Amino acid sequence: MGEQKRHSRLIAAADAVHTAGEDFRTAAADQTLHTLEPEKFQIPGFSDEEKPVSWIYQNGMVAGPGRSIYNQLMSAPEHERCPLCGHGIVSQLDHFLPKSSYPALCVDPLNLIPACPDCNKAKSDKRAASLEELPLHPYLDRVDGQGWLDAKVVHEDGSVRLEFFVSPPLDWDQVLAARAQNHFKLFGLRRTYAVQANRFIGEIRGQLPELLDSGGMDSVRDHLRTGATSSLSKRPNSWMGVTYRALANDALFCQGAFGV
């Protein structure tokens, strides 16, 4: 009987939840998501102690009739690539506005971002205090069509490594540039990309001396540029493509300073 009453109360809250979703979309369009007050995004008729979000997930979203929608959201990213970092494998749904503060949005598709475990953990239940602190929303901000990721090559004690950073396009305003910087920091992308890039350099290093011997630095540079063009053509912020490009633009590397 208790479960039936809870179900009935949730049905009665449907209009309020629908309104919360509309308010979320309006704020997203107006770039005011950071101003939304959690008090207005509670599920009416429920107290925090009743944990309505947990019940919804256990009895509807994950293990109930909403599972098909859950699966669609999880399978949305191409090649199961996490849209928050562009690297990890999707295995969870992250709430863009945390469900602990905005439970009425706990099953709103636009608030559910498929994510890898590392990104979901990094974001946790953090709330942005300003627009600049708001992470990039992969479906609302759509910044992947422009290249904003860059890297520099560092030669040190005979080794070669890459350091990644955000390089906003000239047509971005200051707020979007700040959001990209904070997104980069929040999800630890500097380290994630550097680790992958430095491993990758170790993998391709073996074929480069032969190219240098047969065609000189131009042959090495052309090889790297081909890799960059191929990788960046579809994903302008691919860490691999940026790695190829940075190495191609580094004269020391192309001249044979491939590291050890």
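I take contact to mean heavy atoms within 4.5 Å. The model is predicted, so I note the limits: local features need pLDDT of at least 70, side-chain atom pairs count only at pLDDT 80 or more, and totals for chains, interfaces and linings use all residues. Residues are numbered from 1 along each chain as its sequence is written, and side-chain values use heavy atoms, with hydrogens and water left out.

**Entry: G241**

I looked up G241 and found it in helix α9, residues 239-248. Helices here are DSSP runs of H or I with at least four residues, strands are runs of E with at least two, and both are numbered from the N terminus. G241 is buried, at a relative accessible area of 0%. Buried means under 20% relative accessible area, exposed means over 50%, and partly exposed is in between, with a 1.4 Å probe and protein chains only. I set aside residues up to four places away in sequence; G241 then touches A228, S231 and L232. I also checked G241 against V17: they are 224 residues apart in sequence, and their C-alpha atoms are 42 Å apart in space.

**Entry: H137**

Where does H137 lie? I found H137 in the loop between α5 (117-123) and β3 (149-156). H137 has a relative accessible area of 1%, so it is buried. Beyond its neighbours within four places in sequence, H137 contacts F96, L110, I113, R142 and R179.

**Entry: aromatic pairs**

I searched the whole structure and got six aromatic pairs. Rings of Phe, Tyr and Trp (its six-membered ring) pair if their centres lie within 6.5 Å; planes under 30 degrees apart are stacked, over 60 edge-to-face, the rest tilted.

F41 sits in the loop between α2 (14-30) and α3 (52-61), and Y102 in the loop between β1 (92-95) and β2 (112-115), so the pair ties together parts 61 residues apart in sequence. Both F41 and Y102 are buried.

I then looked at F164 and Y193, also an edge-to-face pair, with 5.7 Å between centres and 65° between planes. F164 is in strand β4 (residues 159-166) and Y193 in helix α7 (residues 189-204), 29 residues apart. F164 is buried at 0% relative accessibility, and Y193 is buried at 4%. Ring pairs join F164, F184 and Y193 in a cluster.

**Entry: charges over rings**

A charge sits over a ring if NZ of Lys or CZ of Arg is within 6 Å of the ring centre and within 35 degrees of the ring normal. I found R9 over the face of F46, 4.4 Å from the ring centre. K123 lies over the face of F96, at 5.6 Å.
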